[in-house]
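User: Hi, I have a structure open and would like to go through parts of it with you. Could you help me read it, one piece at a time?

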Amino acid sequence: MAARVLVRLWRATGEARYEEHAATMFRVFAGILQQAPRAAEHLLLAFMASREGKPRVAAVEGPAAAVKGGPAPLARMQRGPIIASADLDKRRIAPGETAELRLTLEIEPGWHVQSAKPSREDLVPTSVELGLAEGLAPGEMKFPDGSLSPIGGERLSVYAGRVTVRVPIRTEPGLPPGRAPIIARLRFQACDDKRCLAPEQVELSFAVEIG
């Protein structure tokens, strides 16, 4: 489990020290991996994940995160073939007003994630959990419908390409001016036609101006 955490930290941050610590563990337990891989399943999964290539990291906020065709999202992070971002339709909200929070997944070609309502109970649904500052209240969360795609001999409800989850965020009347933090946790599992990666949870943190 420790090796899997180290590999995930390396892939999420790009920091070489995490890769080095994981590589040390692989060397120490190389004999077990070769002779009895089933006795070290988590270690084997960590080793396989470390062989998937260098991490592609994009975890940025603010003006430095500008993206093509428009202003930068409030938060953005990449995990493997998935880029998750968060933005609001207005950057400043007056007390008593409502803004729309948009949580977007950009999925690389050839990959997909299960929709919010998967075709089977054993599949990992795409889900969102919000943490809002006092004085902010969420409305109804709206997930897009999944597209039915033939995968592995069956038709599954999946998201591919670019999908956005929309949530209205309302501020209470009389809320004092300032910055109100918001945390959005997105959970998904990226798959291609042959395999699925381990389920991921991306946490996007940002703040909205009240006033």
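User: Which residues does S115 touch, not counting residues up to four places away in sequence?

Analyst: Keep in mind that this is a predicted model. With residues up to four places away in sequence left out, S115 touches P125, T126, G146, S157, V158 and Y159.

User: And where does S115 lie?

Analyst: S115 is found in the loop that lies between strands β5 and β6.

User: Is S115 buried or exposed?

Analyst: S115 counts as buried, because its relative accessibility is 1% and buried means under 20%.

User: What does the side chain of S115 reach?

Analyst: The side chain of S115 reaches the backbone oxygen of K117 at 3.0 Å.

User: OK, on to the strands. How do β5 and β9 pair?

Analyst: Strand β5, which covers residues 112–114, pairs with β9 in the antiparallel sense, and 2 bridges are found between them.

User: How many bridges join β8 to β9?

Analyst: There are 5 bridges between strand β8, residues 147–151, and strand β9, residues 154–159, and the two run antiparallel. I151 stands opposite E154 in β9.

User: How many residues are between β8 and β9 in the hairpin?

Analyst: The hairpin formed by β8 and β9 has 2 residues between the strands, and G152, which is in the turn, has a positive phi of about 60°.

User: Switching topic, which strand is joined to β6?

Analyst: Strand β6, residues 127–132, is joined by 6 bridges to strand β11, residues 178–188, and these two run antiparallel. Here G131 stands opposite I183 in β11.

User: And how many bridges are there between β11 and β13?

Analyst: β11 and strand β13, residues 200–210, pair over 11 bridges, in the antiparallel sense. As one example from this pairing, R187 stands opposite Q201 in β13.

Definitions and conventions:
Residues numbered from 1 in each chain as written. Predicted model: local features only at pLDDT ≥ 70, side-chain atom pairs only at ≥ 80, totals over all residues. Heavy atoms only, no water. Pairing = 2+ DSSP bridges. Helix = DSSP H or I, 4+ residues; strand = E, 2+ residues; numbered from the N terminus. Buried < 20%, exposed > 50% of the residue type's maximum accessible area, 1.4 Å probe, protein only. Polar contact = N/O pair within 3.5 Å; in protein donor to acceptor, adjacent residues only side chain to side chain. Contact = heavy atoms within 4.5 Å.
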